[in-house]
Structures are given as C-alpha cells and as structure tokens.
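Try each task before turning to its solution.

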Amino acid sequence: MTNLIVEVSKYLMILLMAVYTYANFRFFSFQDMEKKRRVCGGQNRAMFSIHFLAYLVMYLKTGNESVKMMLIAFYVAQVVFFLCYIYMYRFLYRNVSRLLVNNTCMLLCVGFIMLTRLSLDKGLDKAVRQFVIVVISAALSWLVPYVMERVWQLYKLQWVYAGAGILVLLIVYLTGNESFGAQLSLTFGGFSVQPSEFVKLTFVLFTASMFYQSTDFKTVVTATAVAAAHVLIMVLSKDLGGALIFFITYLLMLFVATNNWFYLGAGTILGAGASVGAYQLFDHVKRRVLAWSNPWADIDNKGYQITQSLFAIGTGGWFGMGLCQGMPGKIPVVEKDFIFSAVSEEMGGIFAICVLLICLGCFIQFMMIATSMQAVFYKLIAFGLGMEYIIQVFLTVGGVTKFIPSTGVTLPFVSYGGSSILSTFILFGMIQGLYILKRNDQEELEEG
C-alpha cells in the first residue's frame, strides 16, 4: 500500500506543479484584479497539496519513529509559516504582488522538501536550520517595502553603497574563509556569512544612483571604475561566479541607462578577454573548465561532481525516481550548488523544468515592474535586481547540467545557505516595495 501511495503521489505532485506553473503565466493575461486573485488562490491550493504529499511520502518511507514525529512537527511549522507569510504580507501591504509572494513560497517549499529528504538520516539538521533562517529573513524582509516606499532619497547615497561594498569585499579577500578554492565567507560567533550576497544589492543601488543622476561620459567612466573594482576584488578572491553576476549586471544596466551599443560591445569583448585571462591565471578555474569540457576523462576526481549530477538527472528522467527513491547524496555539496540535480532525480525533469519556469515568472514580473516605473532610479533598480536574479539561476542550472562550467552559485530560495536566503528575501522585498509604490500611485490617479 505504501509503495502505491508513493508512486501515485509522484505523478500527482508533477501534475499539481504543472498546474501551478500554468497559473504563474496565466496570471499575466488578466487585467481584472479579482481574476488575478482567483489565480493566486489556485496556486496556493496547489502548493499546499504538493507540500502535504511530499511530507506524507517521506513519513511513509521513514522507519524511525522519532524521525516521523519530527517530520510531523516540521511539516506543521512550515504550514504555519507559509500561511503567516502569505496573509501577513497582505495585511501589512494592501497592494502587494501576490504572484511574487506565491512564487517565494513555492520555491521555499521545494527547497524545504529536498533539504528534508537529504537530511532524513541526520535528524533534519540542515532543513531545520534553513527553516529558522527563512523565518527570521522573512520577518526582516517585511520592513523592506516600507523603506522603499518612504525613503526616496536613496539615490543620494551612491558613495555609501560603493564604499561599503568595496570595503566588505576587501575584508573577505584579506581575512575570508576559503571554500572550494575561493575566499567567500566570514565567521562571526560560529556563524558563517557570505558578504558578496549582500554587496549584490548595494552594487545595484550604486549603479542605479549614478545613472539616475547622469549618463554623461565622465559619470560612465567613474561608475565603470567602481564596478571594475568590485569585480576585480572578487576575481582576486576567486569568487568568479559572483564576479560574473556583477559584471553582466553592470554591463546591462549601463546599456539600458545609456542605450549605447558601443558600451555593450566593448564590455562584451573585455569580458571575454577577462574570462580567458582567469582561465590562464587561476588553477581552480582551469580545473572547472577541464571538468566541464570532458568530465569523463577524470571521473573519479575532477569530473566526479558533474558526472554524478548528470547521472542523477538522467536517472530521474521526466517523471523522477520518487522521493527517497534516488541517491542524490552521492553528489558533493548537493544541498547547495547542485540541489537542482536532486530535484531532477527524485521529482523528475518535468517538475524541475516547472521550477525553472517559476523562476522565469519572477523575472518577468521584475521586468514588468521595471518598465512600469516612471522614475529612472526605480526602473534601474528593478532591472538590475531582476538581472542579478536570473543570471544566478542561469549559472546554477547551467553548471549542474554541463551547459556551462560550474560557478559555485546557489539556486535562490531553493539551495541551502543563510546568506543566500536573506539576500534573496531582501531582493524580493525591494521589488515588492517598487510594485506597491506603483500600485499606490495608480490608485491615487484613478481616485483623482
């Protein structure tokens, strides 16, 4: 009976995920707010159903009674959190984007499911830690739209953003902890923090502030020099994934602000040259490129991680092995950089593609907000944050599928990692602030 429930649940979860994803794009076709609310309500029901089925399967597949009781308590705690997050956002901000709230919950839901499954034999340690970080981060993120609505003078602090960002990156470069060949984190009282996750936000604010005030040649040169300093320090720290996110985001923000094709072309050429230089200068970059180009040549060493990822994705096929049926634990650091492989193996290729489409739906919402904003400063913030988000998704999924060399970045809201979770919550909170600001302005115009 248990095996039948597990097998049926697998297909039900895929179907519900497909329904949720369809609603994610159907939402954009409606102008009437009431229809949009009904679509979002349907998404909530689909998400809670997937969440219930996943934890039911893990409960049935677990033989340890103490772990079963922990699963029940953990499941209930998550349900309470999701309900509070959805309804508190609506209570605090009447014009909140329900689609972004729903997508945040859906991506977190997928992350909780996979982290719980991966830590079943370890007392749910990482899953519980992630949950605590999520709760704290969500509570903090509720303040962000309030600030975005009221502090319009944020554009005057461009040198504060630049100075703070460069200083923090320098501290990481000089004293940071090394992880997989790169200096990424600082440790405070036993907690590890990855500052570059937060510098991504100040970097966008700096760039938007500069180009809001002027786009003349002198300003472009100044902004480019500061952006180059950010990127250079990250390259020296060997955080090439982060450096790539910064570089591409700045280049595209520069192009959008100036509409100058020369800047875009020159930046692309310089970026390509810098990539070749990084390959020649850094051994760990060369190892990753070699592992990407032919992982099968050294399958027990350099190519082990990517080959295990490809095996997992291939084994899962379209419909997946089912929760607790695969072996995602064989992939090194699977809960961080390679969690997409675990989703593909056990939940299936269709489910994993739906996760990507949900990320795409968030990006589309970001771009729609960017195009609707009248103030150039707000427009550039929404565009820059949206680009950082989608570039990170692309780098993560591209790395685990061998489309590009692995860059060591996480899948936002899904992967394990406190700094990534908090920074992504703040990013979404900033976008929510802009959306609420726009909706409030629209209502005032309609009433006037």
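**Exercise 1.** Locate Phe403 in this predicted model, decide whether Phe403 is buried or exposed, and list what Phe403 is in contact with beyond its neighbours within four places in sequence.

*Solution.* Begin with the position: Phe403 sits in the loop between H16 and helix H17 (418-447). Next take the accessibility, which is 55% in relative terms, so Phe403 counts as exposed, the cut-off for that class being over 50%. Then turn to the contacts, where, with neighbours within four places in sequence left aside, Phe403 meets Trp292, Phe394 and Gly398.

**Exercise 2.** Describe H10 by its span, its buried residues and what covers them, and then examine the residue with a positive phi just after the helix.

*Solution.* H10 consists of 19 residues and reaches 27 Å from its first C-alpha to its last, which is close to the 27 Å expected at 1.5 Å a residue. Its buried residues are Gly241, Gly242, Ala243, Ile245, Phe246, Thr249, Tyr250, Leu251, Met253, Leu254 and Phe255, and the cover over them includes H8, H9, H11 and H16. Just after H10, Asn259 takes a positive phi of about 55 degrees, although Asn259 is not a glycine. Asn259 lies in the loop between H10 and H11, and at 55% relative accessibility it counts as exposed. A positive phi also occurs at Val333, again a residue other than glycine, with a value near 45 degrees; Val333 is placed in the loop between helix H13 (304-316) and helix H14 (339-347).

**Exercise 3.** Work out how the buried residues of H11 are arranged around its axis, and name the exposed residues on the other side.

*Solution.* First consider the span: the 21 residues of H11 reach 30 Å from first C-alpha to last, close to the 30 Å expected at 1.5 Å a residue. Then list the buried residues, which are Tyr263, Leu264, Gly267, Gly271 and Ala278. Viewed down the axis of H11, these buried residues fall within an arc of 90 degrees, so they line one face of the helix. On the other side of H11, the exposed residues are Trp261, Phe262, Ile269, Val276 and Gln280.

**Exercise 4.** Characterise the largest pocket by its volume, its lining and the elements that supply that lining, and then treat the largest cavity in the corresponding way.

*Solution.* The largest pocket holds about 1,200 Å³ of space. It is lined by 47 residues, of which Leu244, Phe247, Gly271, Ala274 and Ser275 are the closest to its centre. Two or more lining residues come from each of helix H9 (217-236), helix H10 (240-258), helix H11 (261-281), helix H12 (283-293) and helix H16 (376-400), with H11 giving the largest share, 15 residues. By class, the lining divides into 35 nonpolar, 10 polar and two charged residues.

Among the residues that line the largest cavity are Glu197, Lys200, Glu388, Tyr389 and Ser420. The elements that give two or more residues to this lining are helix H8 (196-213), H16 and H17, and H17 provides the largest share, four residues. The lining of the largest cavity divides into three nonpolar, four polar and three charged residues.

Definitions and conventions. Residues are numbered from 1 along each chain as its sequence is written. This is a predicted model: local features need pLDDT of at least 70, side-chain atom pairs count only at pLDDT 80 or more; totals for chains, interfaces and linings use all residues. Side-chain values use heavy atoms; hydrogens and water are left out. On a 1 Å grid over the protein atoms alone, a cavity is a set of points where a 1.4 Å probe fits but cannot get out, and a pocket is an open set with protein on both sides within 12 Å along at least five of seven lines; lining residues have an atom within 4 Å of a point. Grid points are joined across faces, edges and corners, and a volume is the space filled by probe spheres set on the points. Ala, Val, Leu, Ile, Met, Phe, Trp, Tyr, Cys and Pro count as nonpolar, Asp, Glu, Lys and Arg as charged, and the others, Gly among them, as polar. Buried means under 20% relative accessible area, exposed over 50%, partly exposed in between (1.4 Å probe, protein chains only). Contact means heavy atoms within 4.5 Å. The expected span of a helix is 1.5 Å times one less than its number of residues. The arc is that of the directions from the helix axis to the C-beta atoms.
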